[in-house]
Amino acid sequence: MVKPVLSWGRAQRYDQTVVSLGRFETAFDGNRPLDGPVTFRGMGRSYGDVALNENGTLVQATGPDSVIAFDRETGILRARSGLTLADLHRITIPAGWIVAVTPGTKFVTLGGAVANDVHGKNHHTAGSFGAHVTALMLVRSNGERLLCSPSENADMFALTISGLGLTGYIEWVELQLKRITSSNLHVENRPYADLDEFFSLSEESADWPYTVAWLDCFSPEAALGRGVFSRARYVEHGPLNVKPADKAIKWPLEMPSFLLNRMSISAFNWLYRHRPAATFKGQQDYDPFFYPLDGILDWNKLYGHKGFFQHQSIIPMENGKAGVRELLEAIRREGQGSFLAVLKVHGKELSPGRNTFPYEGVSLALDFANRGRKTVDFLHRLDAIVLAHGGRMYPAKDALMTGETYRKTYPNWEALENARDPMISSSFWRRVTN
């Protein structure tokens, strides 16, 4: 069936033939051809076009989602790639295990987490998701099935982790979970005054497993980068509870885009920085700490019918402070910004992924309401600032990066192209490689 499919940012909407995973598996046996190149789509949480396929075939890869094996003594779990982190935790947390690395939403599949080599608040201590994958099964369009691990088909293993779903269908994933003795964390939130204090807090908190900061993108020049710094670690004793899925509320409608302006965002930022929780110290359940936005389903409608773009970049540590400062100054001058601005210091990458986004440096992520050409031109100027400081953008969030920029900042892209299954492509991949 041909139908329009939106990116999570809702700024891109492409017509494509949507088929089930079962239909795709039949095609891989050569029994029933598909129209055009194939892209896999899990929960649709990629902000740009990395999981879209204009005029091609989109395989809905959210099922099957079963656990194949789970060793409760070692924490080794093997599951079909359509399993979401939310469903995985319903099984593993009561047994004292949780994923070692999680992104900011639990509504991602294991396949998507591997393909984008997602990272989280503990990148400085645990690396990206791929650092904890012990094996996976890759199915190629010629019928070949490759068991990939650090010791078997290691090159394909490293190219599939962060491979944007291009090397084949990931049938199952095996990973090492993290042992926990409680689902609660000890959390400390602390308002900070400017970028200098952010970097001081990050250095001081290096032994905390989880750190991240929200920042006010419209703060005055003298307080550029001010925000709220959060750090956390699991408590040693406590309950092993899983938040019920029905606790989330659903955002009912698209917000009028004129409500998102500098005044409304500045007012929100002031309230966020001065709310009681900004100075919270105490125990908090893992779910609201890791997944604050998952409490509102369809929050992406907040940006109106034109949607939004997310710009997430990382800059090497030696240029991090200067690069982030220049980005924030440009955002202040332009008057475009967002409620959701996240700053994070990353450590050395531990994942084997050849095209993994993070490295030792500092990342900045912001949403920008889509105001057409004006926003597109502005984001390209932000890209230029990132490049000037030796950084790069995150493909899972990107919708606008030029091919020249991608190829320059991901030097292993040709190895991925050489390993790409000839039946698989995506709108993102054609955009950055042609």
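1. The domain bounds used in this note come from an automatic or database domain assignment, which for this protein gives domain 1 (67-181) and domain 2 (184-400). Taken over C-alpha atoms, the centres of domain 1 and domain 2 lie 24 Å apart, and the contact (heavy atoms within 4.5 Å) takes 36 residues from domain 1 and 43 residues from domain 2.

2. The model is predicted, with local features needing pLDDT of at least 70 and side-chain atom pairs counting only at pLDDT 80 or more, while totals for chains, interfaces and linings use all residues. Residues are numbered from 1 along each chain as its sequence is written, and side-chain values use heavy atoms, with hydrogens and water left out.

3. Between them, domain 1 and domain 2 bury about 3,200 Å², 59% of it on carbon and sulfur atoms; buried area is the accessible area (1.4 Å probe) that two parts lose on being put together, summed over both. In domain 1, Lys121, His124 and Thr181 lose the most area to domain 2, together 22% of what that side buries.

4. Across the interface of domain 1 and domain 2 there are 2 salt bridges, a salt bridge being a side-chain nitrogen of Lys or Arg within 4 Å of a carboxyl oxygen of Asp or Glu. Aspartate 294 forms a salt bridge with lysine 106, with 3.8 Å between the closest N and O atoms.

5. Leaving aside residues up to four places away in sequence, histidine 389 touches Ile315, Pro316, Asn319, Ala322, Gly323 and Glu326.
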